[in-house]
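Please keep the sequence and the model in view while reading.

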Amino acid sequence: MKNTVVTIQQAKENGEKLTMLTAYDYSTAKLIDEAGINMILVGDSLGMVVLGYEDTLSVTMEDMIHHTAAVARGAKNTFVVADMPFMSYQTSVYDAVVNAGRLMKEGRAQAVKLEGGKEVAEHIRAITNASIPVVSHLGLTPQSLNAFGGFKVQGKSEEAAKKLLEDALAVEEAGAVAVVLECVPAKLAELISKKLRIPTIGIGAGAGCDGQVLVYQDMLAMFSDFKPKFVKHFAQIGEQMKAAFAAYSEEVKNGTFPAAEHTFKIDDEVIEKLY
């Protein structure tokens with residue numbers, strides 16, 4: 001079944017949990033699509049797990065468009081959400097609409113995601129008015145890493161928890177179709193999920209959210225630079241890949257690959273005439 005803004009909202013109303021994973025290329029998107037995942041996030045996390053940056057801040061619009069278009073070609077039924085990179089929307093409402101439009105038109109995304117609460121409500125409203133679905137991102141927002149002073153759980157104090165709830169209600173009112181809650185205490189995320197009409201997608205926010213998202217390299221143990229507390233390794237694909245690479249190297253060096261079954265034949269007479 002094709003996932004759309006309508007089916008995602010229906011899942012929330014029916015109490016059905018939603019699934020989201022990141023993807024940054026065609027072949028991975030195709031596998032995720034075939035596995036029946038509801039949503040793919042083409043995250044600016046590609047800066048760290050694909051491009052090798054220290055954070056997400058260096059990711060450009062061109063990066064996001066390039067990777068989103070590749071993912072969109074592989075996702076037939078999965079709903080594709082593209083991150084709006086740092087400084088693609090913070091500068092003005094006009095820039096936000098233009099860049100969101102580029103992600104839809106050039107990247108073939110079906111929705112865009114941007115970080116922030118009340119302060120970007122006007123941006124969300126304008127993008128939504130341009131017929132572009134918006135997913136909000138609250139809690140630990142990686143593009144605000146320097147302002148937070150590092151990767152820290154958000155909303156732990158009464159004041160911070162109240163602001164997070166108010167921000168969630170504000171982005172819903174502005175027209176967001178879903179909210180990602182990152183590194184938020186589980187009980188607070190559950191409360192926000194109950195108060196919102198739109199779905200919440202948690203990452204480090206507990207099982208009380210309407211859905212969950214993980215970076216696929218994290219959940220497959222492919223990214224070894226660090227492991228966040230909220231990550232579960234569902235398979236040791238990273239170790240399997242290293243073992244396969246090493247086995248390939250060994251067989252090439254000792255001459256066992258390629259074997260006869262991996263090669264193409266030619267008549268001996270043809271070869272003899274070449275000597």
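The model is predicted: local features need pLDDT of at least 70, side-chain atom pairs count only at pLDDT 80 or more, and totals for chains, interfaces and linings use all residues. Residues are numbered from 1 along each chain as its sequence is written, and side-chain values use heavy atoms, with hydrogens and water left out.

**Strands around S5**

Helices (H or I, at least four residues) and strands (E, at least two) are DSSP runs, numbered from the N terminus. Two strands pair if DSSP finds at least two bridges between them. Leucine 138 stands opposite leucine 181 in S6. Strand S6 covers residues 178-182; S5 and S6 run parallel and are joined by five bridges. S5 also pairs with strand S4 (residues 111-115), in the parallel sense, over four bridges. There, glutamate 115 has histidine 137 of S5 as its bridge partner.

S4, helix H6 (residues 121-129) and S5 make a right-handed β-α-β unit. Right-handed means that, with the strands pointing away from the viewer, the path from the first strand over the helix to the second runs clockwise.

Is S5 buried or exposed? Six of the six residues of S5 (residues 134-139) are buried, so the rest of the structure largely encloses this strand. Buried means under 20% relative accessible area, exposed over 50%, and partly exposed in between (1.4 Å probe, protein chains only).

**Nonpolar cores**

A nonpolar core is a set of buried Ala, Val, Leu, Ile, Met, Phe, Trp, Tyr and Cys residues joined through side-chain atoms within 4.5 Å. The largest one has 55 residues, of which Val112, Ile127 and Leu181 touch the most other members. Helix H8 (residues 158-174) gives the largest share of this core, six residues. A second, separate core holds 15 residues, including Ile8, Leu18, Leu41 and Val81.

Contact means heavy atoms within 4.5 Å. Neighbours within four places in sequence aside, isoleucine 127 is in contact with Met84, Ala96, Val97, Ala100, Val112, Leu114, Ile132 and Val134.

**Aromatic rings**

Rings of Phe, Tyr and Trp (its six-membered ring) pair if their centres lie within 6.5 Å; planes under 30 degrees apart count as stacked, over 60 as edge-to-face and the rest as tilted. The count by this rule is two aromatic pairs.

| Pair | Centre to centre | Angle of planes | Class |
|---|---|---|---|
| Tyrosine 24 and tyrosine 216 | 6.2 Å | 35° | tilted |
| Tyrosine 248 and phenylalanine 257 | 6.2 Å | 65° | edge-to-face |

The tyrosine 24 and tyrosine 216 pair links distant parts of the chain, 192 residues apart. Tyrosine 24 lies in the loop between strand S1 (18-22) and helix H2 (26-34), tyrosine 216 in helix H10 (residues 216-219). Both tyrosine 24 and tyrosine 216 are buried. Tyrosine 248 is exposed at 53% relative accessible area, while phenylalanine 257 is partly exposed at 31%.

**Single residues**

Serine 193 belongs to helix H9 (residues 186-195). Its relative accessible area is 4%, so serine 193 is buried. Not counting residues up to four places away in sequence, serine 193 touches Lys12, Thr200, Gly208, Cys209 and Asp210.

Glutamate 54 sits in the loop between helix H3 (46-49) and helix H4 (61-74). Its relative accessibility is 77%, so glutamate 54 counts as exposed.
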